[in-house]
Amino acid sequence: MDIVERNLAAVAEHIANEARDPAEVMPLYTDDVVVEFPARNLKFEGKAAIEANYRRMFAAIEQPSLEPLDRFATHDRVVDDMIVRFRIVGEGMDNAPVKIGDRVALRLVHIFHMRDGLIAREIVHEDWQVE
């Protein structure tokens, strides 16, 4: 498998499993990983902080559905574009421009910086829409 295929496979596994069990996707990250959500002014450094954020975030939503739009890769980047729909049911989606009870269509453009087939940096650009 070449490096572009490895990068695509790592991101596909990440997207498929992050909500199911955040601990399961931690091996897909480098030890010095950083995850940023610029629209919500959030930045997490290291696997423990990222896993804790994912646990809070995914506990705050229900009825998620993914609509993949596009995914492509180079030797050191993967870009993933999707729409995720869900209902906010609790605290945990920090700095989100919506309230508990809202049904949301969230356009997500992930830019994954890859190193040796692992995610070294994840930048998540978000466009929030209440449905």
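Arg-71 and Asp-80 form a salt bridge in which the closest N and O atoms are 2.6 Å apart. The term salt bridge here denotes a side-chain nitrogen of Lys or Arg within 4 Å of a carboxyl oxygen of Asp or Glu. Arg-71 is partly exposed, at 33% relative accessibility, whereas Asp-80 is buried, at 3%. These words follow the relative accessible area (1.4 Å probe, protein chains only): buried is under 20%, exposed is over 50%, and partly exposed lies in between.

The structure is a predicted model, in which local features need pLDDT of at least 70 and side-chain atom pairs count only at pLDDT 80 or more, while totals for chains, interfaces and linings use all residues. Residues are numbered from 1 along each chain as its sequence is written, and side-chain values use heavy atoms, with hydrogens and water left out.

**Salt bridges**

By the rule given above, the count comes to 14 salt bridges.

| Pair | Closest N and O atoms |
|---|---|
| Arg-71 and Asp-80 | 2.6 Å |
| Asp-31 and Lys-47 | 3.2 Å |
| Arg-115 and Asp-32 | 3.2 Å |

Arg-115 lies in strand E5 and Asp-32 in strand E1, so this bridge ties together parts that are 83 residues apart in sequence. Helices (H or I, at least four residues) and strands (E, at least two) are DSSP runs, numbered from the N terminus. Both partners count as partly exposed, Arg-115 at 38% relative accessibility and Asp-32 at 46%.

Asp-31 forms a salt bridge with Lys-47. That pair also links distant parts of the chain, with Asp-31 in strand E1 (residues 29-37) and Lys-47 in helix H3, 16 residues apart. Asp-31 is exposed, with a relative accessible area of 68%, and Lys-47 is partly exposed, with 25%. Elsewhere, salt bridges link Asp-21, Glu-51 and Arg-55 in a network.

**Strand pairing**

Strands E4 and E5 run antiparallel and are joined by eleven bridges. Two strands are taken to pair if DSSP finds at least two bridges between them. Across this pairing, Met-82 stands opposite Leu-108 in E5. E5 also pairs with E6 in the antiparallel sense, over twelve bridges, and there His-110 has Val-124 in E6 as its bridge partner. The hairpin of E5 and E6 has two residues between the strands, and Asp-116 in this hairpin takes a positive phi near 55°.

Met-114 is a further residue of strand E5. The residue is buried, with a relative accessible area of 8%. Leaving aside residues up to four places away in sequence, Met-114 touches Asn-7, Ala-10, Val-11, Asp-76, Arg-77, Val-78, Ile-119 and Ala-120; contact means heavy atoms within 4.5 Å. Ala-59, by comparison, is 55 residues from Met-114 in sequence and 27 Å away in space, C-alpha to C-alpha.

**The largest pocket**

The largest pocket has a volume of about 410 Å³. A pocket is an open set of points on a 1 Å grid over the protein atoms alone, where a 1.4 Å probe fits, with protein on both sides within 12 Å along at least five of seven lines; lining residues have an atom within 4 Å of a point. Grid points are joined across faces, edges and corners, and the volume is the space filled by probe spheres set on the points.

The lining consists of 24 residues, and Glu-18, Ala-19, Phe-58, Leu-66 and Val-84 lie nearest the centre of the pocket. At least two lining residues come from each of helix H1 (3-17), helix H3 (47-59), strand E3 (61-73), strand E4 (77-88), strand E5 (103-115) and strand E6 (118-130). E3 supplies the largest share, four residues. By type, the lining divides into 17 nonpolar, two polar and five charged residues. Here Ala, Val, Leu, Ile, Met, Phe, Trp, Tyr, Cys and Pro count as nonpolar, Asp, Glu, Lys and Arg as charged, and the others, Gly among them, as polar.

**Positive phi in loops**

Most residues other than glycine have a negative phi. Asn-41, in the loop between E1 and strand E2 (42-45), has a positive phi near 55° and counts as exposed at 70% relative accessibility. Asn-95, in the loop between E4 and E5, has a positive phi near 60° and counts as exposed at 52%.
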